[in-house]
Amino acid sequence: MSDPSTRASRALPLTLRGVGRRFERDVLRGVDLEVEAGEIVAVLGPSGCGKSTLLRQLGGLDSPDTGTVLIDDSPAQPADQRCAVAFQEPRLLPWRTLRDNVALGLPTTRTKLSKQQRHDRLTELLDLVHLGTAGHHRPREVSGGMAQRASLARALARRPSVLLLDEPFGALDALTRLRMQDLLLDVHDEVPTTVVLVTHDVDEALYLADRIVLLADLAQSAGGAGSVTRIATVPGTRRRDRDAPELAQLRHELYEGLGVFRAHAGNTTTSTLTATSA
Ligand SMILES: Nc1ncnc2c1ncn2[C@@H]1O[C@H](COP(=O)(O)OP(=O)(O)OP(=O)(O)O)[C@@H](O)[C@H]1O
Ligand SMILES: [Mg+2]
């Protein structure tokens, strides 16, 4: 479909070693994490614990005070071009069409892409996120889910090796959110990227991720404890059955880790949890 010269760079691995970041207080401390090329890793943690800060270190949008962040063995650069970021709010320019907003994500070295290549690439990107017939609309004319899909397409436009997603579906209604999760898996199948996804949604993390990193709020932890309290491998492989019994134990443990107890969980879940944790 696309010209081979403009094809994606491959998905790249990420390494964090002893990463720490301090603002008025320590926000991140001693973060060690290896993310394999092509892996999807979800980051969970209470509000304010430093999830976005961690993502910013990975994308070179902020620098750690201690430790190193490597993308494929070379340090993350300021606003690293190997990464793309998408946020909870789509951040589209309201006066531009969706297509023109997606175009903003294309490589700025325009000489690399002919007019035809740009056209083809944009069409391909809009198709990828099921906006093939909506590219002429402006953001105010489309739903939140459509705007978020355009934002995802813009992030993918320069074929990043690493996709950093900061609560990308957080503002969407429940049904659209589930659809977006499947879309993300479709995109990940189609475009080789390493994905780090910040989310507050335990079930979203269990559905999408290969592994889940649980971060603690250092303001609440004692002594010199590190930020990462747990790195869990999610049982099974992606496109899991959302209700798979083998996820119940980890779901329970993650809620516990977040300080949320599922006292009011449905009977089925509660009995499963009791059975698996006995
Ligand atoms: N540039 C900054 N200057 C000062 N403090 C900052 C800065 N960026 C983040 N912080 C502080 O670091 C802490 C962690 O912020 P961060 O946005 O990473 O949390 P978060 O886990 O993403 O929270 P949420 O789930 O609410 O999005 C907060 O106390 C925040 O105020
Ligand atoms: Mg955040």
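**Close-up views of the predicted model**

**Figure 1. Helix α1 and the shell around ligand 1.** Helix α1 (residues 51–58) supplies the largest share of the shell around ligand 1, namely three residues. Please keep in mind, as you look around, that this is a predicted model. The residues that surround ligand 1 are F23, V27, G45, S47, G48, C49, G50, K51, S52 and T53. Sorted by class, this shell holds six polar residues, three nonpolar ones and one charged one.

**Figure 2. How helices α4 and α5 cross.** Here we turn to helix α4 (residues 144–156) and helix α5 (residues 174–190), whose axes come within 11 Å and cross at roughly 20°. Angles under 35 degrees count as roughly parallel, and α4 and α5 are therefore roughly parallel to each other. Their crossing is right-handed.

Figure 3. For some context, the chain has ten strands and eight helices. Of its 278 residues, 38% are buried. Take the contacts in the chain between residues at least 6 apart in sequence: 71% of them join residues at least 24 apart.

Note on methods: Residues numbered from 1 in each chain as written. Chains lettered and ligands numbered in written order. Predicted model: local features only at pLDDT ≥ 70, side-chain atom pairs only at ≥ 80, totals over all residues. Near = placed C-beta within 6 Å. Helix = DSSP H or I, 4+ residues; strand = E, 2+ residues; numbered from the N terminus. Nonpolar A, V, L, I, M, F, W, Y, C, P; charged D, E, K, R; others polar. Axes fitted to C-alpha atoms, helices over the stretch in contact; angles between N-to-C directions. Parallel < 35°, antiparallel > 145°, perpendicular 65-115°, else oblique. Left-handed = near helix turned anticlockwise from the far one by under 90°. Buried ≥ 20, exposed ≤ 12 C-beta atoms within 10 Å, placed from the backbone. Contact = placed C-beta atoms within 7 Å.
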